[in-house]
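Visitor: Could you walk me through this one while I look at it?

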Amino acid sequence: MLAPTKRHGFDPWLVVLGVAWAIMLALLVWPLWSVLSASLHDNDTGAWTIGNYADVFTLKSYRRAIANTFIAGLGGMTGALLLGVSLALIVTRYAIRGRIVIQTLAVIALVSPPFIGAYAWIVLFGANGVVRQGFASLGIDIPTIYGATGVILVFAFKFFPHVFLITSGALSAVNRSVEEAAEGLGLSPVQRLFKVTFPLILPSVTAAALLTFVLSIADFGTPRLIGRDFNVLATEAFTLFGSEVGGNPGMASALSMVLIILSMGLVLLQRRLTRRDVYGGNLMRRPFVVKATGWKNVGLHAAAYAIVLVGALPAITAVAFSFRATRGPVFQPGLSLQSYERVIATVSKPIVNSLVYSGFAVVAIVVMGTLIGYLIARRPQPATAALDGMLMVPYVVPGIVMGIAIITRFNGPPLELTGTGLVIVMAVFIRRLPYSARSAAAALKQLSPSLEEAAISLGYSPAKAFLRVTVPLIGPGILAGALMSLVTAMNELSSSLVLYVGATVTMPVRIYLAVLDGEYGLASALSTILLGLTVLAVLGAFLLSGRKQSSLL
Amino acid sequence: MSRLEIRAVEKSFGEVRVLKGVDLTVESGEFFTLLGPSGCGKTTLLRIIAGFQGQDRGEVTVDGDRIDRLPAHKRDVGMVFQDYAVFPHLTVAENVAFGLRARKLPEAEIKARVEEGLRMVRLDGLAARLPSELSGGQQQRVGLARAMAIRPRLLLMDEPLSNLDAKLRIDLREDIRDIQRRLGITTIYVTHDQEEALAISDRICVMEKGVAEQVGSPFDVYHAPRRRFAAAFVGTMNFLKAARDGGRVRLGSQVLQLAAPAADGFDLAIRPENVLIGALGEGRPGVDFDAVVSKVVFLGREAQYTLRTEAGDLLAQVADPTRELLAMEGRPIRVKLPYDKILVCSAAGDVAPAEAA
């Protein structure tokens, strides 16, 4: 519709389009192509082969990894759906005291550095876990968190906030009149829930389900730290790629490709299933909030608080344990700032690295994301539509795979970048660019194109109209998005883990290494610092966006 | 004071030809309306004049200067939008001043022009408000003041009233017309609302499928439509299948005192207010039918009748109907079609008054 007149000279947006494509090709297509190519070559002879893929589907250990990946994905998804949808129903439909507390705890669970979940559960329920030892002293032996059950539990409590936020958004957008109409037609409240309300929120729920599945199968830290011999594709790929001796890049690449295809297939399936199911109406009456009484009321409050408290438990644990005295890896009775002293004395480098890399990445993400978002929203044409489609790819490429792809590509000529901070920034940038671009595009689609046209007809050039009208209007949203990008950039573990060298260690990587070494005190202190920075950024984002949390996450 | 000329303008979106060679001249100070259904190309033509879209062929000139090669922001054309496009982050006064700042006018002059503009659209006193505190009608007044403040050569309005409710629409319509007359600014107005077009315009261009079907004064477009589309789109029109009988027109079983056109496959057309029922038709030269009243709709100052005749269904409108006339549903009645009000619509879609035989 708004194709600008080609004859009126030079269109700066064409340059943006070109740059965007160049970036996508250099940082996404080229590296992933290298992975694909590596997966199809023999490591030693360099000859073409499909042997790696044959191994994936015939060797027992890889078949088990695939099966485990599905178990982890389905388990994490189911758990997160149960917790998230229940919590959303309780909070949106019943009068619950301290709704803000619940939402805040859910957000804390959501933005906690992802792997502190795994590690905090170890501290509580690991072999020497505090809770386990507590029960043991009472003569009760509870199983350790390690293994498949633990992984699924951690996923469920880690990813349910996504489901909760998406579903409660959908639930509060269900028009009350529709539900009243259903009751007027003779449906009981329970029938109404299943026949009207659930079908209406189904598109959001399936989107959330898919998201949690993809997050679960892409997660590396959790199965690595508490899976023990519960190997999934992500951990197998990392092990194969990273082995000091006899790494097997061909095999690692093949597993990576399987992981990508799995995620991609699910995303496409979900799109197919829900594309038509977008319900909307102009007239909107907010849904009823019911005041429960008696035991039902108590039960609902207990359930809601239990879910979010357990969800936020890892963050709380990390903070609490960071102030405990330690001797070596072992916690001692009493409080102390020992762990922080050790952080400052020995591992301040990762903090600086994290801040510098995330800072650079976020600036790049926001500038490029906004420009690309503008192209998507305002210049619909084949090249932009293709760009939009291409932006979907990073969503489904797990961090480990992105790390492997970038290191494979930039490990030698023509560009030797391994070991620099730049590769870490590049990986974070390309992984998070789609979020920023999509949210900028969404913000712009809310904005009538005639606003810019009005400015142009009043005498401002297109570039000035963009700066004077569009940027101020979407500015707060962009800034809030930038802070959320900062959160994800600071917390990036999996790709950095593949890409770091001694000098470029980041906070998440250092925490991961500390947990592997059993240095829980150090890990707690670093996690707390990271959590503090994260919470600051999230608070800033909420302030900027007027507390519309769900629009950010 | 600017005269706009549009010469042979063509535009296609992919395979779709949206404008198929449009020629128009808008005189200086004229209020000129592009009227047509959605998809007829009226908005595209307006956006070509504004410079938001380029034409494939043809030229646009203002006072003899070609403007179609200028970028939109250098055309000096004020635009009023359907969705108001008032900048939500700026106050009313800042909105009106927006275009003046682009022109780097001295502050004092900007202030004076803003005040004048707001007084003109009757928003004085609301200068410091933000658009979110205004009603839709007030926002559109800001849009109008903002477009006028730059004293553009042309004022373009893209369905400016279509998002307002009926009462406001008429109020603002009157104001737009008054302001336009007072300032004498050449105005191109796009609408799909034929009543609005009739009420506001000096001249109307009825468009369909990328073609300017008829250009004329509201009176001519209504009373002397030259194309079937214009006849049907502006106001209501009855069309009745007719045939040749010798040199004359046959309608149903009757041969009329009207000369038939050269080719077969034509219709007769007549406006509902010209269809006379019962005693109202007595003594007028015309053709009479026996009809049955199948429906009566009372609208206050008038009533609308659906009549079944041997020549087909007819709509008739009766001003200030009596109680007796309203109770006619299901009853037989005499209907007269006066000859001097009958139009002939050829198979090719050309419309002309019927000629006596």
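Guide: One term to begin with: two residues are in contact if their C-beta atoms, placed from the backbone, lie within 7 Å. This is a predicted model, in which local features need pLDDT of at least 70 and side-chain atom pairs count only at pLDDT 80 or more, while totals for chains, interfaces and linings use all residues. Residues are numbered from 1 along each chain as its sequence is written, and chains are lettered from A and ligands numbered from 1 in the order in which they are written.

Visitor: OK, which residues does A:Val487 touch?

Guide: Leaving out residues up to four places away in sequence, A:Val487 touches A:Val111, A:Thr534, A:Ala537 and A:Val538.

Visitor: And is A:Val487 buried or exposed?

Guide: A:Val487 counts as buried because it has 27 C-beta neighbours inside 10 Å, the cut-offs being 20 or more other C-beta atoms within 10 Å for buried, 12 or fewer for exposed, and partly exposed in between.

Visitor: How far is its C-alpha from that of A:Pro113?

Guide: The two C-alpha atoms are separated by 8.8 Å, although A:Val487 and A:Pro113 are 374 residues apart along the chain.

Visitor: Switching to the chains, how many residues does each give to the contact?

Guide: Chain B gives 24 residues and chain A gives 20 residues. On the side of chain B that touches chain A, β6 (77-80) and α2 (92-102) of chain B each supply at least two residues, where helices (H or I, at least four residues) and strands (E, at least two) are DSSP runs, numbered from the N terminus.
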